[in-house]
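Please keep the sequence and the structure in view while reading.

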Amino acid sequence: MPHIHHVALWVEDLEAVCAFYVRAFGAVAGPLYQNPAHGFASRFLSFESGARIELMKTVDLHPVVHAPGAQRMGLTHLAIALGSEQAVDELTERLRAMGCPVLDEARRTGDGYYESVVLDPEGNRIELTA
């Protein structure tokens with residue numbers, strides 16, 4: 001049966017973004033993979049649910065840089081389910097205290113989700129959902 005294996009993000013600071021997802025969400029960081037011939041490095045983050053994010057860095061390519069939190073065509077946010085409204089509220093406040101911008105305070109949306117929206121260290125939008 002088809003399923004999403006992982007989502008990949010280009011990043012500038014591989015280790016800082018990796019540390020953020022480990023600290024904020026309890027992700028487990030896999031080993032660093034490097035391909036010097038292609039100027040490429042990556043690490044996989046694994047979550048207890050089985051979801052994975054691949055963080056990638058390149059020195060040969062020049063991915064388009066968007067403004068932090070930009071609404072853009074294509075992949076525009078990651079949604080991470082936390083299990084309860086209280087967990088959304090608590091993690092939103094913990095991330096704010098860590099210096100993460102909070103774009104949208106926790107609220108019930110028109111489609112029935114309870115969520116807040118924060119940015120990771122490189123400006124990727126993360127929906128924290130109940």
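Which residues does threonine 92 touch, not counting residues up to four places away in sequence? They are Val102, Ser116 and Leu128, where contact means heavy atoms within 4.5 Å. This is a predicted model, in which local features need pLDDT of at least 70 and side-chain atom pairs count only at pLDDT 80 or more, while totals for chains, interfaces and linings use all residues. Residues are numbered from 1 along each chain as its sequence is written, and side-chain values use heavy atoms, with hydrogens and water left out.

Threonine 92 belongs to helix α2, residues 85-97; helices (H or I, at least four residues) and strands (E, at least two) are DSSP runs, numbered from the N terminus. Its relative accessible area is 2%, so threonine 92 is buried (buried means under 20%, exposed over 50%, partly exposed in between, with a 1.4 Å probe and protein chains only). The side chain of threonine 92 also makes a polar contact of 2.7 Å with the side chain of serine 116. A polar contact is a pair of N or O atoms within 3.5 Å; within protein, one must be able to donate a hydrogen and the other to accept it, and residues adjacent in sequence count only if both atoms are side-chain atoms.

Next comes the sheet. Four strands form an open sheet with mixed pairing, in the order β6-β9-β8-β7; two strands pair if DSSP finds at least two bridges between them. The edges are held by β6 (77-81) and β7 (102-108), each of which has a single partner strand, so one side of each has no neighbour in the sheet. From one strand to the next, the twist averages 20°. Strand β7 runs antiparallel to β8 (residues 114-119), and four bridges join them. In this pairing, valine 102 stands opposite valine 118 in β8. Helix α1 (residues 14-25) packs on the sheet, where it touches β6 and β9 (125-129), and its direction makes about 10° with that of β9. Axes are lines fitted to C-alpha atoms, for helices over the stretch in contact, and angles run from 0 to 180 degrees between N-to-C directions.

Charged pairs are the next topic. Side chains of opposite charge can pair when their charged atoms come close. The whole structure has six salt bridges, each being a side-chain nitrogen of Lys or Arg within 4 Å of a carboxyl oxygen of Asp or Glu. One of them joins glutamate 85 and arginine 108 at 2.0 Å, N to O. Because glutamate 85 lies in helix α2 and arginine 108 in strand β7, the pair ties together parts 23 residues apart in sequence. Within helix α2, glutamate 93 and arginine 96 lie three residues apart, about one turn of the helix, and form a salt bridge with the closest N and O atoms 2.9 Å apart. Glu93, Arg96 and Glu105 are linked in a network of salt bridges. Another salt bridge joins glutamate 115 and arginine 107, at 3.5 Å between the closest N and O atoms. Glutamate 115 is buried, at 6% relative accessible area, whereas arginine 107 is partly exposed at 30%.

Finally, threonine 58 is found in strand β5, residues 52-58. Threonine 58 is buried, with a relative accessible area of 14%. Its side chain reaches the backbone nitrogen of aspartate 60 at 3.1 Å.
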